[in-house]
Amino acid sequence: MEELRGKCVVLGVTGGIAAYKMADTAHLLVKMGAEVHVVMTENAARFITPLTFETLTNRRCVVDTFARDFQYDVAHVSLAKAADLILIAPATANVIAKLAHGIADDMLTTVVLAARCKKLAAPAMNTAMLENPVTQDNIAALERYGFEVIAPADGLLACGDVGKGKLPPPEDLADRVLRHLAREKTLEGVRVTVTAGPTQEALDPVRFLSNHSSGKMGYAVAREAMLRGAEETLISGPAALVPPSGVQVERVVSAKEMFEAVQRAFPTTDILIKAAAVADYRPAAVAGDKLKKHTGDMSIALERTDDILAWAGQNRHPGQFICGFSMETRDLLENSRKKLENKKADMIAANDLRTAGAGFGVDTNAITILTPEGTEALPLMSKAEAAARLLDEIERRRLCS
Ligand code: CTP
């Protein structure tokens with residue numbers, strides 16, 4: 001999807017080793033349809049060449065303020081005016097300090113000072129430099145001046161230290177840009193809680209009962225809600241997926257933990273979307289030590305878990321919207337309508353595991369949206385598109401109620 005068509009993004013690349021990651025970020029933004037202009041500091045150009053960015057963006061990459069063959073007149077002002085958003089990444093301590101004090105002594109800092117658009121900065125540096133109070137003060141100053149500061153990630157840094165200071169992955173940076181430019185902010189100020197993925201119910205320290213849910217559908221819903229500006233919590237069971245950036249993530253393992261997390265979030269939730277595949281049963285006892293095999297068969301006593309969606313339906317406040325999911329292998333509509341009624345939900349997104357392309361782990365789904373008023377079967381589409389259709393319908397129904 002060319003979600004950034006018609007948008008002008010200026011990437012400000014400064015002189016940290018993470019500058020090399022910006023090639024991928026630039027490429028991602030170009031693929032999303034954005035007009036990408038890269039402005040580099042001279043130090044950044046020591047880590048990665050302007051030619052790399054020029055090839056990826058098909059545009060001149062500017063380093064020197066006084067370059068004469070640039071396509072704009074009074075280049076820094078024209079570029080600043082053309083930009084819908086500026087992302088400075090990686091932002092070194094030095095450039096952060098300059099920006100925090102209005103110093104404009106090269107093309108990048110001049111463009112940023114001249115721009116009125118949204119500005120994002122992704123600090124990336126050695127942990128000690130980042131934690132130095134002067135850097136922290138400068139970051140706080142940037143925030144005061146309206147910059148959105150993207151928190152650095154933890155991990156192994158190029159200097160060999162392990163700690164905070166890594167530039168987040170290109171997908172995260174692109175998501176931050178998308179969050180500002182890609183959609184109408186129809187969920188601005190709306191608090192959305194999404195549950196996703198499977199739960200795991202321990203049997204002993206080694207084994208658990210679970211299901212095949214990958215979390216892809218729930219994560220797609222979480223991403224779409226984030227792009228629409230929601231204030232969002234994603235409560236995720238174990239899933240091998242990267243959560244959308246800018247979303248508060250709570251990781252849980254068992255149905256009990258998911259229930260507790262939903263109970264905490266629900267009172268301040270406007271829209272609850274329960275895409276998680278929650279276990280209905282858990283082992284009645286969890287062995288403290290690994291269970292050893294014996295001759296003959298074995299059976300496991302199971303007890304019911306709480307039905308989280310049903311709890312939410314019983315404990316809802318006026319104005320809250322609750323959407324459940326339903327996966328079936330037969331009698332999809334009949335079984336899903338029972339869930340809608342029994343769990344007092346406003347909507348159920350149902351899918352039949354036997355429909356080609358609508359099963360576990362794939363990137364597509366064919367959902368049928370059930371509400372007390374009717375049923376709408378959507379064709380097979382990507383999970384991202386299905387998430388958008390689902391949220392369109394939820395927004396429409398909230399407006400009507
Ligand atoms: N759900 C829940 N808590 C549970 C079980 C399910 O909140 N303990 C929610 C799921 O997140 C989903 C909806 O209920 O939104 C329907 O889940 P599904 O597994 O399809 O149906 P169940 O209600 O578990 O019924 P059954 O397993 O008998 O089909």
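In the predicted model, an oxygen atom of the ligand lies 2.7 Å from a backbone N or O atom of Ala276, a polar contact being a pair of N or O atoms within 3.5 Å. A polar backbone atom of Lys274 is likewise placed 2.7 Å from a ligand oxygen atom, and a backbone N or O atom of Met327 is found 3.2 Å from an oxygen atom of the ligand. Of the 570 Å² of accessible area that the ligand has on its own, the protein covers 77% (Shrake-Rupley method, 1.4 Å probe).

The shell around the ligand comprises 17 residues, of which Lys274, Ala276, Leu309, Lys339 and Lys343 come nearest (a heavy atom within 4 Å). By class, seven of the shell residues are nonpolar, three polar and seven charged, with Gly counted as polar and Asp, Glu, Lys and Arg as charged. Strand S16 (321-328) and helix H12 (308-314) each supply at least two shell residues (DSSP runs of at least two residues for strands and at least four for helices). The largest share, five residues, comes from S16.

Two aromatic pairs are present in the structure (ring centres within 6.5 Å; planes under 30 degrees apart are stacked, over 60 edge-to-face and the rest tilted). The ring centres of Phe259 and Trp311 are 5.7 Å apart and their planes stand at 80°, so this pair is edge-to-face. Because Phe259 belongs to helix H11 (residues 255-265) and Trp311 to helix H12, the pair ties together parts 52 residues apart in sequence.

Residues are numbered from 1 along each chain as its sequence is written, and side-chain values use heavy atoms, without hydrogens and water. As the model is predicted, local features need pLDDT of at least 70 and side-chain atom pairs count only at pLDDT 80 or more, whereas totals for chains, interfaces and linings use all residues.

Key
Polar contact = N/O pair within 3.5 Å; in protein donor to acceptor, adjacent residues only side chain to side chain. Phe/Tyr/Trp six-rings, centres within 6.5 Å; stacked < 30°, edge-to-face > 60°.
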